[in-house]
Amino acid sequence: MHPNVKKLIDLQTVDQEIVSLRRDTSSLPAEEAKRKKKLDEIDKVAAEKKDRSTKAELDYRALEKAVKQSDDEVKKLNERLNGVKNNAEYQATLFQIESVVRERDRVQDECLRILETTDPLKAEAAAAAQAAAEERKVFEGFLTEAQRLRIACEERVKGVVEKRKFVAEGIPPELLGTYDRLFATRDSLAVCAVERGHCQGCYNKVTTNDTAKLMGGATVVSCDSCQRILYLQR
Ligand SMILES: [Zn+2]
């Protein structure tokens, strides 16, 4: 085997190790996005429930205030009733009181109807807020763990990259460039074996002439079909 090809095989082992290490963390961004989306949805539900609860509370208070105003008005009208001068005015005031009381009772009913919903809505909002807080905690835990994984992975990659420098030493730059390009574009397999006359990268037949060159070991031979650098499997 050509000595440079032997070196490239070792280099490829190192490069494949780097690829494999990086694969450990390659799914993290997608996983993070998925979890963030879930959290956003839970946050949205919690915000909506809080809004509904707050609105019911405000509506209740507004109606309660309206009932109180009606009561005051009735009180004033009753006082006026004592000072009326004639029957017509008396009847008119009575009629007015009836009208205010009727409206007051209607508002009171509405107010009580809303009051029945405020506690359940408040409980629902609290449960949703609790669920959102728990989910946020889980998400933050995931972020911390993901970051820890990334750092650990980069540490290991750094170590292997250091080793790569030694392994790549002595390989002619042009050959190294060809190798790098092939490694990047041929699915992390730039150097591959020939078995029973076939390139194991693309499974095409290797010519007799190339097989002879490979046996001679004096030149670097590339596959005619996939351009991968070849060696004979013994
Ligand atoms: Zn090939």
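Colleague: Which residue takes a positive phi in the hairpin of β1 and β2?

Modeller: R196, with phi near 45°. The hairpin has two residues between the strands, and R196 is found in that loop. The value is positive even though the residue is something other than glycine. Strands here are DSSP runs of E with at least two residues, and helices are runs of H or I with at least four, numbered from the N terminus. Bear in mind that this is a predicted model: local features need pLDDT of at least 70, side-chain atom pairs count only at pLDDT 80 or more, and totals for chains, interfaces and linings use all residues. Residue numbers start from 1 along each chain as its sequence is written.

Colleague: Is R196 buried or exposed?

Modeller: R196 is exposed, because 8 other C-beta atoms lie within 10 Å. The cut-offs are 20 or more other C-beta atoms within 10 Å of a residue's own for buried, 12 or fewer for exposed, and partly exposed in between, with C-beta atoms placed from the backbone.

Colleague: And what is the phi of Q227?

Modeller: Near 65°, again positive in a residue other than glycine. Q227 lies in the loop between α5 (208-216) and β3. Q227 is partly exposed, with 17 other C-beta atoms within 10 Å.

Colleague: How many bridges join β1 to β2, and how many join β1 to β3?

Modeller: Two bridges join β1 to β2, and those strands run antiparallel. Four join β1 to β3, which run parallel. For landmarks to click on, V194 stands opposite C199 in β2, and A193 stands opposite Y231 in β3.

Colleague: Which residues of α1 are buried?

Modeller: V5, K7, L8, L11, Q12 and D15. They pack against α3 (87-168), α4 (173-185), β1 (191-195) and β3 (229-232).

Colleague: Which residues are buried in α4?

Modeller: Y179, L182 and F183. They cover an arc of only 100° around the axis, which puts them on the same side of α4; the arc is that of the directions from the helix axis to the C-beta atoms. The face turned away from the buried side carries the exposed residues P173, E174, G177, R181, A184 and T185. What covers the buried residues of α4 includes α1 and β3.

Colleague: Which residues touch the most other members of the largest nonpolar core?

Modeller: Y179, V191, I229 and L230, out of 19 residues. The elements giving two or more residues to this core are α1, α4, β1 and β3. Apart from it lies another core of seven residues, among them A56, I114, L121 and A125. A nonpolar core is a set of buried Ala, Val, Leu, Ile, Met, Phe, Trp, Tyr and Cys residues joined through C-beta atoms within 7 Å.

Colleague: What is Y179 in contact with?

Modeller: Leaving aside neighbours within four places in sequence, Y179 is in contact with L8, L11, A190 and I229. A contact means C-beta atoms, placed from the backbone, within 7 Å.

Colleague: Zooming out, how many helices and strands are there in the protein?

Modeller: Five helices and three strands, running α-α-α-α-β-β-α-β from the N terminus. The radius of gyration is 41 Å, well over the 17 Å the globule rule gives for 234 residues, so the protein is more spread out than a compact globule. That radius is taken over C-alpha atoms, and the rule is 2.2 Å times the number of residues to the power 0.38. The C-alpha trace spans about 130 × 35 × 25 Å along its principal axes.

Colleague: What percentage of the residues count as buried?

Modeller: 14% of the 234. Among contacts between residues at least 6 apart in sequence, 73% join residues at least 24 apart.

How values were computed: Contact = placed C-beta atoms within 7 Å. Pairing = 2+ DSSP bridges.
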